[in-house]
Amino acid sequence: MAALDEQTLKFFHFKLGKNREDIDCLSRALGQFCRSGKKTDAFSVYYCFCEIFELFGTGYGSMNRLLEFLSDHEFHSGELLTKHRDHYAHSVYVFALGLAVYAGDKSFRRLFLDFYAKEKADDTCFLRWWGLAALFHDIGYPFQLAHEQIKAYARGMWEDDVCPYVSYENMEGILALGENVKKDSPFAAVRTVGEMLAYGINRRLGYPLHILLSLLSERYRSQPDFMDHGYFSAVLLYHQIANSGVSFTEPVADVLTAIALHNNLNRYDIKEEIAADTAIPAAKHPLAYLLVLCDELQDWDRTAFGYVSKKDPLAWKIDLSVSEGNIDVCYAFDGFRVIDTEEREADGQLTVSECTRENGNYRKIASGKFAEEIGKLVSGGIKLNVSAREEKKNKNVSSFASSDSFVNLCDFAQAIHRSYQSVYGGPDFDGLSLEFKLSNIEQAKSYSDKLELVNCFYSEKELDYPVVAGFVRRGENHNADVREDMSFLAREEHLRWVREKLAAGWKYGTDYKTKAERDAKKIHKDLVPFDCLPKETQEKDELMIKNMVPFLYHYGHGVRIYSYRGDRKPVLDVAGCGHRTVSDKNGKIKEQIKQILREYQADYRVVVRTNFAFGADQLIAECAIELGITVKAALPLPYEQYIASIKEDAKRYGYAFTREDEFRMRHLLAQTVSCKVIPDEKYTYLEASKYIINKSKKIIALWDGVETVLEDERGNPVNQGGTWHNICIARHSRGLKEEDVRIVKCER
């Protein structure tokens, strides 16, 4: 089965009636989130969606406060409860699942389009309405949190089932319907959002109207047992739409009723009142059906806050496959058993021991109860095939100490752009394309990564670590308290920018005269190693690093930047070499290389060094880059001369070096953090090979096993700097042990 990002990507192959560049931004942001699960990457999805559809009138700016409050409230309040899991990132996973279902199941897609035929629904309509339902279905959660906090506190104090509870008053303003409900719509006669939800649910599912009106009229008042965040989410979202002046249509009403139904209203209250099956049929309310289905399926990689929620860890990833009429989902658990502590008292002595038991979340899936419960909530749609497997979760090598509790990334992005604008000119932030807005956001998101590279982190807590005041260029340090990391981090910023551009489909090129022409062609002359940039371009990256610390202090909600007292992980340099013509049609060699690098990553901060010869050198560099490992190049000739020499070498020895091969080489080299020239007039690769091997404690060699002759009959050196010679240098001159020289067998 495929991963979620692969399944979701299929949706973006459809022809969507929006600016294609903007849709591609959303696709990349969602794919990045599906792979990382990070809150900061979830932010990019919210941002793109709001900017593309402007559902609230003015893009993300109209929703940022609400979403930031949700995230902050959840982060700071969740641990006060016995059971609580995150909803900010969860909603983006739900969004991705729905896109995968729509793209993979033709039957559901036809059902949805037929259902909204009079609205002239198409794939873009689905993206708009589904995104509205999925991304905002939990924005009312703080109302439920406050209710549960009081109960948790009281029960913790008195262990009594009779607890005080909160209700909400002064709701008239937020519940009143606005002018945007058309007079000729089915909801023209209703007065409140609650009544609108009742009429909407009645029209779609046929539940008795008087019961719905009664339930929804008291939804925020006398609720001693449970305060339903689904209701408040629907109310808040309606209020947001009403304030923006967006026209209120039947699909928007369906979005709101789907949100109101997704939690406990349908599965408990309505079910008890009408004493009947309340499974939501896909044919009667496709948006509610899909929201409930995906909300239930999203039972992996959710941050657990309450201590009860932490007792049985969720799956950490899924495999997903959607086909017509079927969803196959396999949940991967780090282990099927969990460790508990047990207290025992004997002869007046209290002992605490460890015992293992089956993970309750795994048991629920393996027993079939998980799928069975979903089947009671939705019906008439897709057949669900659920399974679980045990797969050890590798150590998260990119997990940093910096706090990610704030998501006000838009403030950082705008400040970053203003700093550039003040020096280099250009439009205001609002005048940028979505791609360039996201570029500033991505720069802000990289702060924690960059700080970690220089053994720093930021936190909202007062900690006993040295506080960092700022960075300067190397050689400019006149204050012992100021770190000399600017030049190093400027290289990392260029590397981040290169990867961002390549992911967006840009290529190296110089055939343009204006920025507009450059952006239209998506080519850029700066897609080269940092060492090949002109000084004025390098200074742009240094400007970002110079501003990073002041911006964090100003916009970071009280964060402080600290320095570790020592390196978190030691650096391990690994040299990569091998033959120019390596055959790896099935990808087995590439996977062997990655496996070795992953092994090193677990305990080291790995740096891969290669000479970037065609074939093995570039393959090893590509593996490192895909794993997020730093790569350094040591070339035997200056950059452009070296690329020209590769072309000549291909002609001389008869192997193909196409235009695409050249782009691949340029783009790999552009992703190196340094690119040195180690000249050798006599033997092209010898000195460069010696350089990377002498710098390294490990070597990966793609070798066919043939020990080539290193001297001719006259004693003159031959095959110097070749693969076998490099292995000999590593073993004998460098003195590396056999286990330090990792041979990957290959064919030429």
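Helices H12 and H13 run roughly antiparallel to each other in this predicted model, because angles over 145 degrees count as roughly antiparallel and the axes of H12 (residues 229-244) and H13 (residues 250-261) cross at roughly 155°. The two axes come within 7 Å. On the H12 side, the contact is made by Gly230, Tyr231, Ser233, Ala234, Leu237, Tyr238 and Ile241; H13 contributes Val252, Val255, Leu256, Ile259 and Ala260. Sorted by class, the contact of H12 with H13 has ten nonpolar residues, two polar ones and no charged ones.

Across the whole structure, a search finds 54 salt bridges. Another of these is between Lys501 and Glu435, at 3.8 Å from N to O. Lys501 lies in helix H22 (residues 486-503) and Glu435 in helix H20 (residues 434-445), so this pair also links distant parts of the chain, 66 residues apart. Lys501 and Glu435 are both buried.

Glu622 and Arg664 form a further salt bridge, at 3.3 Å from N to O. Glu622 sits in helix H26 (residues 616-626) and Arg664 in helix H28 (residues 659-670), so the pair ties together parts 42 residues apart in sequence. Glu622 counts as buried because its relative accessibility is 17%, whereas Arg664, at 27%, counts as partly exposed.

How values were computed:
Residues numbered from 1 in each chain as written. Predicted model: local features only at pLDDT ≥ 70, side-chain atom pairs only at ≥ 80, totals over all residues. Heavy atoms only, no water. Axes fitted to C-alpha atoms, helices over the stretch in contact; angles between N-to-C directions. Helix = DSSP H or I, 4+ residues; strand = E, 2+ residues; numbered from the N terminus. Parallel < 35°, antiparallel > 145°, perpendicular 65-115°, else oblique. Contact = heavy atoms within 4.5 Å. Nonpolar A, V, L, I, M, F, W, Y, C, P; charged D, E, K, R; others polar. Salt bridge = Lys/Arg side-chain N within 4 Å of Asp/Glu carboxyl O. Buried < 20%, exposed > 50% of the residue type's maximum accessible area, 1.4 Å probe, protein only.
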